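We will go from stop to stop, with a note on what to select at each one.

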Amino acid sequence: MAPMGIRLSPLGVAVFCLLGLGVLYHLYSGFLAGRFSLFGLGGEPGGDGAAGPAAAADGGTVDLREMLAVSVLAAVRGGDEVRRVRESNVLHEKSKGKTREGAEDKMTSGDVLSNRKMFYLLKTAFPNVQINTEEHVDAADQEVILWDRKIPEDILKEIATPKEVPAESVTVWIDPLDATQEYTEDLRKYVTTMVCVAVNGKPVLGVIHKPFSEYTAWAMVDGGSNVKARISYNEKTPRIVVSRSHSGMVKQVALQTFGNQTTIIPAGGAGYKVLALLDVPDKSQEKADLYIHVTYIKKWDICAGNAILKALGGHMTTLSGEEISYTGSDGIEGGLLASIRMNHQALVRKLPDLEKGHK
């Protein structure tokens, strides 16, 4: 008997070929996508590093919950460098110039190494967002620091669902070592590392980490937090936390405004001063009712604190009561007033001379 054959019509051949091409296309396109996503994050195919967030890979949106997780990790990693350098007692201290008040604007190895860890961790995870940092980022020191894409349980407990925003609307502000002057004096309690995320110029996510007590405060506006306000505040005769460098300026006006029972607390670091307004379980942390600053200040010093206060129902404004925008220039001229659980606008009206005298 002659063998039997299978005949395919021309239409059947065409359908078979199209199906085969479709399978090959999907396999090959998936392979290429995997390679490009790894190279885009600075990784190598087959390496042991995890890719960054899926949202960052497509460049369209980012998840603020993921940004909070990476921001906390960045602040802690930066803090590890700050602590390591301080404990080595080899700071390589130098001056970047003079501040507007005439003080030395200092920089140390702690600033530089913390900045490198914080910047590249955030940049690798979220390559399409703008990052502003206090210290210069040298391309020769570039690192690939990958995030494992794990969101800590304390964040998941407070913020159960993703919060997507356009990547182009996001600005990240990094302060790799707040209170450098105090750091060089070995006044460790004032030192913090900070990350803030602003969306369309509004602070929505803040992290303040204290490297030497290993305490971290974080909060997201309309999200959640791991820190809270204190039960009560003294609005009539408040304790006011101010910069160590110009406590006398504030004291004179504060005594005129609130009376002789007002207490002035000189302190270093804007992050430390914001934490002074909150219920912080750190024995080295002083407590205050108001935070007042009367001179020019950089936005990376205050953005994280602003976001945390806002998330908890507090306020941080210029001395004239204007909201602070975290886009454009890197500093503000109008001083600042920070409060929580107080009538903030009433406080603004009590301090008209403070801004006029020290603009």
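## Stop one: the disulfide

Select Cys196 and Cys303: a disulfide joins them, with 2.1 Å from S to S. A disulfide here is a pair of cysteine sulfur atoms within 2.5 Å, and the structure holds one. Cys196 lies in strand 7 (residues 192–199) and Cys303 in helix 9 (residues 299–311), so the pair ties together parts that are 107 residues apart in sequence. Look along the S-S bond of Cys196 and Cys303: the angle about it is -45 degrees, a left-handed link. Cys196 counts as buried, at 1% relative accessibility, and Cys303 is buried as well, at 0%. Buried means under 20% relative accessible area, exposed over 50%, and partly exposed in between (1.4 Å probe, protein chains only).

A word on what you are viewing: this is a predicted model, in which local features need pLDDT of at least 70 and side-chain atom pairs count only at pLDDT 80 or more, while totals for chains, interfaces and linings use all residues. Residues are numbered from 1 along each chain as its sequence is written, and side-chain values use heavy atoms, with hydrogens and water left out.

## Stop two: the whole chain

Now zoom out and colour by secondary structure. The protein chain has 11 helices and 19 strands; these are DSSP runs numbered from the N terminus (helices H or I, at least four residues; strands E, at least two). Of its 359 residues, 49% are buried.

## Stop three: strand 9

Next, select residues 215–220, which make up strand 9. Six of its six residues are buried, so strand 9 is largely enclosed by the rest of the structure. Show the side chains: Tyr215, Ala217 and Ala219 point one way, and Thr216, Trp218 and Met220 the other.

Which strands pair with strand 9? Strands count as paired if DSSP finds at least two bridges between them. Strand 8 (residues 202–210) runs antiparallel to strand 9, with six bridges, and Gly206 stands opposite Ala219. Four residues lie between these two strands in their hairpin, where Glu214 takes a positive phi near 60 degrees. Strand 10 (residues 224–225) is also antiparallel to strand 9, joined by two bridges, and Met220 faces Gly224 there. That hairpin has three residues between the strands, and Asp222 in the turn has a positive phi of about 60 degrees.

## Stop four: Ala288

Select Ala288, in the loop between strand 14 (278–279) and strand 15 (290–293). Is Ala288 buried or exposed? At 0% relative accessibility, Ala288 counts as buried. Beyond its neighbours within four places in sequence, Ala288 is in contact (heavy atoms within 4.5 Å) with Arg230, Tyr233, Arg239, Val241, Ile265, Ala276 and Leu277. Val241 is 47 residues from Ala288 in sequence, yet their C-alpha atoms are 5.9 Å apart.

## Stop five: a pocket

Finally, select Met107, Val112, Asn115, Arg116, Tyr120, Glu135, His136, Val137, Asp138 and Asp141, which line the second largest pocket. On a 1 Å grid over the protein atoms alone, where a 1.4 Å probe fits, a pocket is an open set of points with protein on both sides within 12 Å along at least five of seven lines; lining residues have an atom within 4 Å of a point. Helix 4 (residues 109–125) gives the most to this lining, with four residues.
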